[in-house]
Amino acid sequence: MNDAPVLKRPIGKSGIEASAVGLGTWAIGGWMWGGTDETTSIDAIRASIDAGISLIDTAPAYGMGLAEAIVGKAIAGQRDKVVLVTKCGLVWNVAEGAYFFHQDGKPVHRYLGPHSIRYEIEHSLKRLGTDYIDHYVTHWQDATTPIADTVGELARLKEEGKIRSIGASNVSKEDLAAYIATGALDAIQEEYSMVKRDIETSFVPTCRANDVSILSYSSLALGLLSGKMGPDRVFTGDDQRKDNPRFSPGNRQKVARLMEVVTPVADRHQATIAQVVIAWTLAQPGITFSLCGARDPKQAIENAGAARLRLTAHEVSIISDGIAEHLVDQDR
């Protein structure tokens, strides 16, 4: 792989610049991922930072505060190297808003009321060991609270210096329009990968027209596109992939055929399949950042390498043609 610098991009109009590849910490929280190992997780975060990755994405809901606490320990003493993203809107301390799911025996609600956001950020700041969040995101949307009220509180937090930019995740078209109407939205965070491309038509044109960045999550589709997920892999316990149709043996065979298209590109760059998949993601119009999970230093360093990989337009086209041929039945 070449020695190109880490690709950096701006978060909307905030003036904040971060590595285009970000470290996502959902798996580090353990929930729905078969638990976590704190020491290995801290090592993974630090390895990512050492490899030039500044964007670190977490959330209170990842293990009910566990991922944030682990991130806080990992970045202690090097906060200035990190563009820190966390979220609000999934709460278990009150039963307001709309019920969403149970975690660790507790009901979790979608709620973005101003007083709740104020409560959440104080707890996030404490767990993360910092006095400000670079990018603060509404995790899931709350139909019981007007978006203008939610953004009003986020704007107050920004004025106070507790957050530096505003984001929204898992939005509808109507939600996106309402956020943009406030003039305060810097970025959205949505699922996007080779196997889930619907935002190319639903959100990308609107975001590009309004200078709103897109942080894509699940770029490797929960490992499906890592090049390491064979058709015979078995998932057990609370692993969310166990009953996911995208991980059916038949679908994994389709992905395996696509990987045969990706492999020669990876070989030319002396890169891994996962690195090429991430680089392809970042080459798509409107996709500003790619958030990739890592549970150990090796995975973190591999993902970070994708931020230095530059695919040619021809290589991007070859891969896109392969997706069209082999994943034609996938969700777009």
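Which residues of strand 9 point one way, and which the other way? In strand 9 (residues 135-138), H135 and V137 point one way, whereas Y136 and T138 point the other way. All four are buried, a term that denotes under 20% relative accessible area, with exposed meaning over 50% and partly exposed in between (1.4 Å probe, protein chains only).

## Basis of the description

The structure is a predicted model, in which local features need pLDDT of at least 70 and side-chain atom pairs count only at pLDDT 80 or more, while totals for chains, interfaces and linings use all residues. Residues are numbered from 1 along each chain as its sequence is written, and side-chain values use heavy atoms, with hydrogens and water left out.

Helices (H or I, at least four residues) and strands (E, at least two) are DSSP runs, numbered from the N terminus.

## Parallel pairing around strand 9

Two strands are taken to pair if DSSP finds at least two bridges between them. Strand 9 pairs with strand 5 in the parallel sense over 4 bridges, and K87 has V137 as its bridge partner in strand 9.

Strand 9 also pairs in the parallel sense with strand 10 (residues 166-169), over 3 bridges. Here the bridge partner of V137 is G167 in strand 10.

A separate topic is the open sheet of 3 strands, which has the order 6-8-7 and antiparallel pairing. Strand 6 (90-91) and strand 7 stand at its edges with a single partner strand each, so one side of each lacks a neighbour in the sheet.

Strand 7 (residues 98-103) and strand 8 (residues 106-110) run antiparallel and are joined by 5 bridges. Q103 stands opposite K106 in strand 8, and A98 has R110 as its bridge partner in that strand. The hairpin of strand 7 and strand 8 has 2 residues between the strands, and D104 takes a positive phi near 50° in this hairpin.

Helix 2 (residues 66-75) is largely enclosed by the rest of the structure, because 7 of its 10 residues are buried. The buried residues are A67, E68, I70, V71, G72, A74 and I75.

These buried residues pack against helix 1 (38-50), strand 4 (55-57), strand 5 (83-88) and helix 3 (114-128); contact here means heavy atoms within 4.5 Å. After helix 2 comes G77, whose phi is positive, near 90°.

## Packing of helix 1 and helix 10

Helix 1 packs with helix 10 (residues 297-305) at an angle of about 25°, and their axes are 8 Å apart. Axes are lines fitted to C-alpha atoms, for helices over the stretch in contact, and angles run from 0 to 180 degrees between N-to-C directions. The angle makes helix 1 roughly parallel to helix 10, a class that covers angles under 35 degrees.

At this contact, T40, D43, A44, A47 and S48 in helix 1 meet P297, A300 and I301 in helix 10. The residues of the contact divide into 5 nonpolar, 2 polar and 1 charged; Ala, Val, Leu, Ile, Met, Phe, Trp, Tyr, Cys and Pro count as nonpolar, Asp, Glu, Lys and Arg as charged, and the others, Gly among them, as polar.

## A buried loop serine

S193 is found in the loop between strand 11 (187-191) and helix 6 (199-202). S193 counts as buried because its relative accessibility is 0%. Leaving aside its neighbours within four places in sequence, S193 is in contact with S218, S219, A221 and L225.

Key
Angles under 35 degrees count as roughly parallel, over 145 as roughly antiparallel, 65 to 115 as roughly perpendicular and the rest as oblique.
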